[in-house]
Protein chains: 6
Amino acid sequence: MSRPITLFTGQWADLPFEEVARLAGEWGFDGLEIACWGDHLDPQRVVEDDSYLQGKLDILEKHQLSVHAIANHLTGQAVCDDPIDERHRDILSPAVWGDGEPEGVRQRAAEAMKTTARAAARLGVKTVTGFTGSSIWKCVAMFPPASDAMIERGYQDFADRWNPILDVFDEVGVRFALEVHPSEIAYDYWTAKRTLEAIGPRESFGLNFDPSHFIWQDLDPVMFLQDFADKIFHVHVKESVRQLNGRNGRLGSHLPWADPRRGWDFVTAGHGDVNWEPIFRTLNAIGYEGPTSIEWEDAGMDRMVGAPQALRMVRELAAIRPPAAAFDAAFATR
Amino acid sequence: MSRPITLFTGQWADLPFEEVARLAGEWGFDGLEIACWGDHLDPQRVVEDDSYLQGKLDILEKHQLSVHAIANHLTGQAVCDDPIDERHRDILSPAVWGDGEPEGVRQRAAEAMKTTARAAARLGVKTVTGFTGSSIWKCVAMFPPASDAMIERGYQDFADRWNPILDVFDEVGVRFALEVHPSEIAYDYWTAKRTLEAIGPRESFGLNFDPSHFIWQDLDPVMFLQDFADKIFHVHVKESVRQLNGRNGRLGSHLPWADPRRGWDFVTAGHGDVNWEPIFRTLNAIGYEGPTSIEWEDAGMDRMVGAPQALRMVRELAAIRPPAAAFDAAFATR
Amino acid sequence: MSRPITLFTGQWADLPFEEVARLAGEWGFDGLEIACWGDHLDPQRVVEDDSYLQGKLDILEKHQLSVHAIANHLTGQAVCDDPIDERHRDILSPAVWGDGEPEGVRQRAAEAMKTTARAAARLGVKTVTGFTGSSIWKCVAMFPPASDAMIERGYQDFADRWNPILDVFDEVGVRFALEVHPSEIAYDYWTAKRTLEAIGPRESFGLNFDPSHFIWQDLDPVMFLQDFADKIFHVHVKESVRQLNGRNGRLGSHLPWADPRRGWDFVTAGHGDVNWEPIFRTLNAIGYEGPTSIEWEDAGMDRMVGAPQALRMVRELAAIRPPAAAFDAAFATR
Amino acid sequence: MSRPITLFTGQWADLPFEEVARLAGEWGFDGLEIACWGDHLDPQRVVEDDSYLQGKLDILEKHQLSVHAIANHLTGQAVCDDPIDERHRDILSPAVWGDGEPEGVRQRAAEAMKTTARAAARLGVKTVTGFTGSSIWKCVAMFPPASDAMIERGYQDFADRWNPILDVFDEVGVRFALEVHPSEIAYDYWTAKRTLEAIGPRESFGLNFDPSHFIWQDLDPVMFLQDFADKIFHVHVKESVRQLNGRNGRLGSHLPWADPRRGWDFVTAGHGDVNWEPIFRTLNAIGYEGPTSIEWEDAGMDRMVGAPQALRMVRELAAIRPPAAAFDAAFATR
Amino acid sequence: MSRPITLFTGQWADLPFEEVARLAGEWGFDGLEIACWGDHLDPQRVVEDDSYLQGKLDILEKHQLSVHAIANHLTGQAVCDDPIDERHRDILSPAVWGDGEPEGVRQRAAEAMKTTARAAARLGVKTVTGFTGSSIWKCVAMFPPASDAMIERGYQDFADRWNPILDVFDEVGVRFALEVHPSEIAYDYWTAKRTLEAIGPRESFGLNFDPSHFIWQDLDPVMFLQDFADKIFHVHVKESVRQLNGRNGRLGSHLPWADPRRGWDFVTAGHGDVNWEPIFRTLNAIGYEGPTSIEWEDAGMDRMVGAPQALRMVRELAAIRPPAAAFDAAFATR
Amino acid sequence: MSRPITLFTGQWADLPFEEVARLAGEWGFDGLEIACWGDHLDPQRVVEDDSYLQGKLDILEKHQLSVHAIANHLTGQAVCDDPIDERHRDILSPAVWGDGEPEGVRQRAAEAMKTTARAAARLGVKTVTGFTGSSIWKCVAMFPPASDAMIERGYQDFADRWNPILDVFDEVGVRFALEVHPSEIAYDYWTAKRTLEAIGPRESFGLNFDPSHFIWQDLDPVMFLQDFADKIFHVHVKESVRQLNGRNGRLGSHLPWADPRRGWDFVTAGHGDVNWEPIFRTLNAIGYEGPTSIEWEDAGMDRMVGAPQALRMVRELAAIRPPAAAFDAAFATR
């Protein structure tokens, strides 16, 4: 199937996997991008336990859902992060967190990402989406100043920690799609460019395009797609809205989601400032045929309302596909 | 003198203080906002050594310069920061850095800020400008998510560390003006508001208004002045420019200053996106009569060219003062 | 019922009340905001005549409509206006207009507003929406100049005339919601603020939020909701569109509605420049649970087409309500 | 029927006319604007061959379609163009192209336009839409410079070639509606004005309003409708989208349709930057009661999807018609 | 002299005329637009008293100032206004105000305007600038609604009252230039158009162009100049600034000048939102050769600073005049 | 000398060369970009006649002017253009025009460009600026449609005609800088890209950057400089202004320069919409050290006023050069 519409299960991991599969099936999704947390998917068990694997496949089949990618953002985040603190403890599995000593956490996270690649392969899935973490995110905007050397070390640290992981991806024929996202080694256009340079030309490393993070940074999603066309491995349909009024700031003011004092917020796809049609037309133009995966996140709206709404929007956008023959033909006399 | 125009010496601390004083005097500045680094001002010596103090005063007198504020951003930064790392080592005095163990650094920095208050008093200066640092800056935008409790603890940590410092400010009759600035506990409108709530109604705590940090966050400097009118203790005339084009991002992409790929940059006042005239008219309206202190920072321009240019601009703006009598009088018949 | 969707009957008063009720019921409205003109509601008779009152209640019940507010804009307008002229004659009841002597008209209008409060109470309704008029509206923009004293007298006149009226509202436990609107004592953010100061902290006096009047004055409806959150007593869903092209002016050029040379016009909700979703999200955030009352006004569209369209839009917006549990839960491991 | 919604068959002329009529009928169009190319309509045969004419009328009747205009853009283009080259050869009928000698082509095209007028009359149609060509289009923007005299000669050439054609239109009681369009003698507001002056006040010459050409030239469609109200003979519902990002240019870069590097592109009506509602409200205000004819052109979307979508949009817009009575009546007391 | 730069003395009438002339002369103005209030110019005495007239001419000659227009805004305002109240009393001469009975005031004001025409003629001045007042300004934006008949009566009242005045202007060969301005019968583009229709094609009636009133109404000054080119009798160089932030409103909130909460304010020319260069280029294009008269009004700036600043700006703009020969000549080979 | 400021003499060729040199010298220009028309420079004579050459050098020396580039736009234009018509006749030398037969004109123009390269070499100049013409410009925007093959042939025709010319440039060590400009083979970002691909990687072929042509096409000059950094061979300081108001169109409406109805116009540098400071900062960033050549063109302003004004602006911009040492040094403690 070309350009399947999937549901990213990350924001549904408080529900049992089977329940999410049932909902997605009923709403009419084509498939799932399964999150490796909650009870949705444990890569370790996929690798070790055939019956666990079969159980997952059975659920998918029962609800007529395909799977094109699995997601392991939470574990990936810990691979490069510095500092490692309570925020990581709250999202990592006990096995990866262990005693919480930072370097140990990072190394266990790296191993877990290798396992994720192997699990993907066993599931017959070609893409793992996720985060990388970053040792230099804390230098963003901007004091005390970081030296060029420190920035350079940050990219190098990323390459050093991820190249061995990607070797495993290569081995098993799976690709890693980094979600370009604040807090990651690549969070915008130029950091994506430098990240790709840092890791070098590896076929197993590409990007998960998610315009919700571009909108509030004032990045143009279409230019990004055009210029990184051959590295777009996966697409998230997720959205954000700018709420600027001279008082609300771009950086969010440490305020919780859904607080109207934030300068921006995540909202259900179709409710924000992403201009989706040019994005889908550009996906056509660059020949992207992978999943368009709805990542629902909207603290001001119930997901049971928002998710099927977003699906309807993507179905309409998906109908915009170029015709076989050009209309110029209609003018031709010879 | 009302509304003196001063030069902030922070970006000139590689030059000897006397040289900076000579330049400022020649260019026509009214006074200096002296930085507590380089050889410009050592608060410890001001407090301990009368002849050191007199030497500084002599230099100022020689160049006909007044002093209305001293600045200790570098030390203040270490009071709350977490992590404390090489970036701090590079800007702190050896005495404050010591062995670099984070909590020790923070406590020595706090003591040094108390000394700064005492030094200001000895100099006859009513205002210390500076930074506070922040234990929660690293949670900005945005992963892993920070709990509300963690955010709350960040503000509390700030209050716990700064209240004892401010007690000394109260004792000696000096005010601390926090520069609202990314990386600090207050970096925008709402964080400034919450910071003031966290510290409570202390007369010794207020804000250093610097619109260069607001421009790229899309904050309205005039609204800020209006709503925090009674807490504007000091004003920096510093500027930034937005360089957005769909590729350059708001967060700077870890790129060095003066790189045209940055989404924004600092530039000589008068060369960027700050709309100064409404700011100066609002300073009139709210009755601000303190210094307007030129903080020059522009990696693409020589400071020997930029600083006197900025001074000329501020002199012109300073000529915008309301008349004694309203023009309506001209229409009156009785 | 929380957040009922009602139809304001003011623009339908040429039709019999029963006919409007029938239409509203068929279209699916939850209730009515009944106008005190046409045959829709005569406050005097409600107070005096039990069978009249019961007749109205019977009609509402028959069409399964609730009533949460009654509206008396036309009479309220005459309480403070100066001049009083033919425009008032055309909209006032003969009893209030009487001989048309201005001060007499004003006093009879004030008495009629007290009666309106009593009628509301008898109907079991907690809110009366309406206008106040203004003796200083004629000083708007801007010649001959009005003295500060004249402006001050305008606010004082408002307070003097409305405080006795509000005493009756207090007595009967009903609130008056002033529609912030050009021609009224409060027509924008700062006049709303000063109006609230002039009347003092009375529980019975608040605001009817109607963003259609804000759009063409370039006011931000969301900031208004945030800053006057505790005074939002009622909400009109009404809309306007800016039609600016360098020739059309903000002030309307004395041109009739639906003339494309006007700088702005009222249009059916959903057809103009109001950005409704942030308004509804902010209503959620500030905890407003009163009516969202559709005020249809669009000289270029038939109301039989426009009203049900607007209702559909509000139903969709009403579906945006925050979930019981935050999605962060989905990421938690402990 | 007032304001019928028709389908312009120009971009469907690769399909047999009967097939297009069948589709249009099924989708619910009111009628067709029939293109004089493909097998859709041959003016010569209409004039000469009663059975051919009847065959067309039968097809229309069978699918319950009316016809209000016929279109002969391709032939009209050759009347004034200079140079005449392979681009014309590809769109002209062999009879008009002949040996391709430019002046001969122009004269045969002029004769064919007279025949088109006669064919329209025989079909009972009052309007022919089309192009004029231009001998001075090549002088647009801008080197080598054209003299004022050369520009003047261009308008005169247009008048000289079209006045005899329009004499035939007058004779048979048909009007020519020039589509204001780049490449034509009138392509924007001021060239439309000068074109009307050049041709003089002829009742048979007016304009085909098509906002898709205005959007990327930054022209305001509503001002155009207002100022040329009495010359709006026909309306195309066609749309374009601006795709500007600092790299894409207004002039299209010689890139093919649907290439995201173009500065603008044609898209299905409802998918671009035309703000249709003010246009339809202005059509109401100026009393236009002719066809709104959907010209579908979108190289990134299948016409079988796009055309019925556009029809749905126009049906909704068509519901915006002013009511018989003004709502002010609802406020009146006498 | 072509395009003289004059100072409008209206906002200086609290100073003696001789003092204003001295200042204007020293600053380098070419002439004065003399206000008919304060001691600047009393039309009655000009008409009656040769020595008074000569005294004024002597002062002008002494300071090498010409006079091209006299201004009588204050008296003109009372001709049509309704209501007439204390605001008029405060600006009218006691003779015109009399007992303050409205209709008597209006008639005396009309007579005084005839006298002003005669005074202009005696001074050798071709233009009187001023206001007309308006009986329908109070109907602006917008409740209670005014009937079309009432609006029509307002324009008729203007024509009825001003035609006899203009007869005197015709008699003495002087023109009246109405300043298009809120509160007047013409305050924007469409009201200017209708005002000209109401008064009919009289050579003695035209407009005083002042873009400061257009800016905050979002009118395009250049389009106005283009479309009313033959009626531009006089030009004011006056400026305003928009101060919109979502809280400040377009209508000024009844706030005093220089209050930053106003949505707009008058500022010294060169300090606001008027884009002067296209205006001066358009004055060139339409062949306007009358005065450019600086009307200084800025409650936030001293006029002794502002007026000479504005003069410098206009001198620079005045240097933008087309060359005798076109540069195309430079490319010509024959 | 680094970054010399020169005057392009193209728009001054109606004056004798010596007169232009005198003016440029007096105004303080560093040098000239000499146009190969008027009597300014005849390449043929430079090649053939030593005394002619010496005469030119003597004039330059007398006025202390350097020369860094010569310009031959008029001849270059004819190399690829189609059609060749009276517009070319008016700007070509009689020798190149000959009998005006198009192909002959093109070939003589090509030969003349080779001669221009040789003349540049003899003058010691490394750069020839100019135009190429284009056989496909006439296909811009957009009817009748051009086939992809026709576009492809246009680029090929350019390569075929210019490669032999560039061979001569290579031989004599001179570079050709094509001014990216409507009417040329490269007129925007993407056509510049394709032009460079068509000609292949030749060191002798690059671009003359002139932002005046980018502004009205909505191209970002800074992105252009960044992305074509190594091909920026020459820089024109020339400016244009957008004059859009809903009636004026992007394409100029065939109206003459200085007509305010044009959608854009050329104006003296410093008077339009080019944002020069980021351009000069980017020239610093990309290491461009060639001339910044003022091309004055402004039909609404006298060149004797405009040229020295533009020079003053460029001198100020030229003062923006990065300092030797970074200001970060000022914060360092070690």
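Arg3(B) sits in the segment before β1 (5–8) of chain B. Helices and strands here are DSSP runs (helices H or I, at least four residues; strands E, at least two), numbered from the N terminus. This is a predicted model, where local features need pLDDT of at least 70, side-chain atom pairs count only at pLDDT 80 or more, and totals for chains, interfaces and linings use all residues. Residues are numbered from 1 along each chain as its sequence is written, chains are lettered from A and ligands numbered from 1 in the order in which they are written, and side-chain values use heavy atoms, with hydrogens and water left out.

**Backbone angles**

- Most residues other than glycine have a negative phi, and most peptide bonds are trans.
- Arg3(B) is not a glycine, yet its phi is positive, at about 50 degrees.
- Arg3(B) has a relative accessible area of 6%, so it counts as buried. Buried means under 20% relative accessible area, exposed means over 50%, and partly exposed is in between (1.4 Å probe, protein chains only).
- Gln64(A) is not a glycine either, and its phi is positive at about 55 degrees.
- Gln64(A) is found in the loop between α3 (50–62) and β3 (66–71) of chain A.
- Gln64(A) has 71% relative accessibility, so it is exposed.

**Cis peptide bonds**

- In chain A, Asp82(A) and Pro83(A) are joined by a cis peptide bond, with omega about 5 degrees.
- Pro83(A) is in the loop between α4 (73–80) and α5 (86–89) of chain A.
- In chain B, a cis peptide bond links Asp82(B) to Pro83(B), and omega is about 5 degrees.
- Pro83(B) belongs to the loop between α4 (73–80) and α5 (86–89) of chain B.

**Arg3 in chain E**

- Arg3(E) is in the segment before β1 (5–8) of chain E.
- Arg3(E) is buried but has no salt bridge. A salt bridge needs a side-chain nitrogen of Lys or Arg within 4 Å of a carboxyl oxygen of Asp or Glu.
- The nearest side chain of opposite charge is Glu289(E), 4.4 Å away. Lys and Arg count as positive, Asp and Glu as negative; His and the chain ends are not counted.
- The Arg3(E) side chain makes a polar contact with the side chain of Asn284(E) at 2.7 Å. A polar contact is a pair of N or O atoms within 3.5 Å; within protein, one must be able to donate a hydrogen and the other to accept it, and residues adjacent in sequence count only if both atoms are side-chain atoms.
- The Arg3(E) side chain also reaches the backbone oxygen of Tyr288(E), at 3.0 Å.
- Beyond four places in sequence, the contacts of Arg3(E) include Phe280(E), Leu283(E) and Arg321(E). Contact means heavy atoms within 4.5 Å.

**The barrel of chain D**

- Eight strands of chain D close into a barrel in the order β1-β2-β3-β4-β5-β6-β7-β10, with parallel pairing. Two strands pair if DSSP finds at least two bridges between them.
- From one strand to the next, the twist averages 30 degrees. Angles run from 0 to 180 degrees between N-to-C directions; axes are lines fitted to C-alpha atoms, for helices over the stretch in contact.
- Strands β2 (residues 31–35) and β3 (residues 66–71) of chain D pair in parallel over five bridges.
- Gly31(D) is opposite Ser66(D) in β3(D).

**Strand β7 of chain F**

- Six of the six residues of β7 (residues 232–237) of chain F are buried, so the strand is largely enclosed by the rest of the structure.
- Strand β6 (residues 205–209) of chain F pairs with β7(F) in parallel over three bridges.
- Phe209(F) has Val235(F), in β7(F), as its bridge partner.
- β7(F) also runs parallel to β10 (residues 292–294) of chain F, joined by three bridges.
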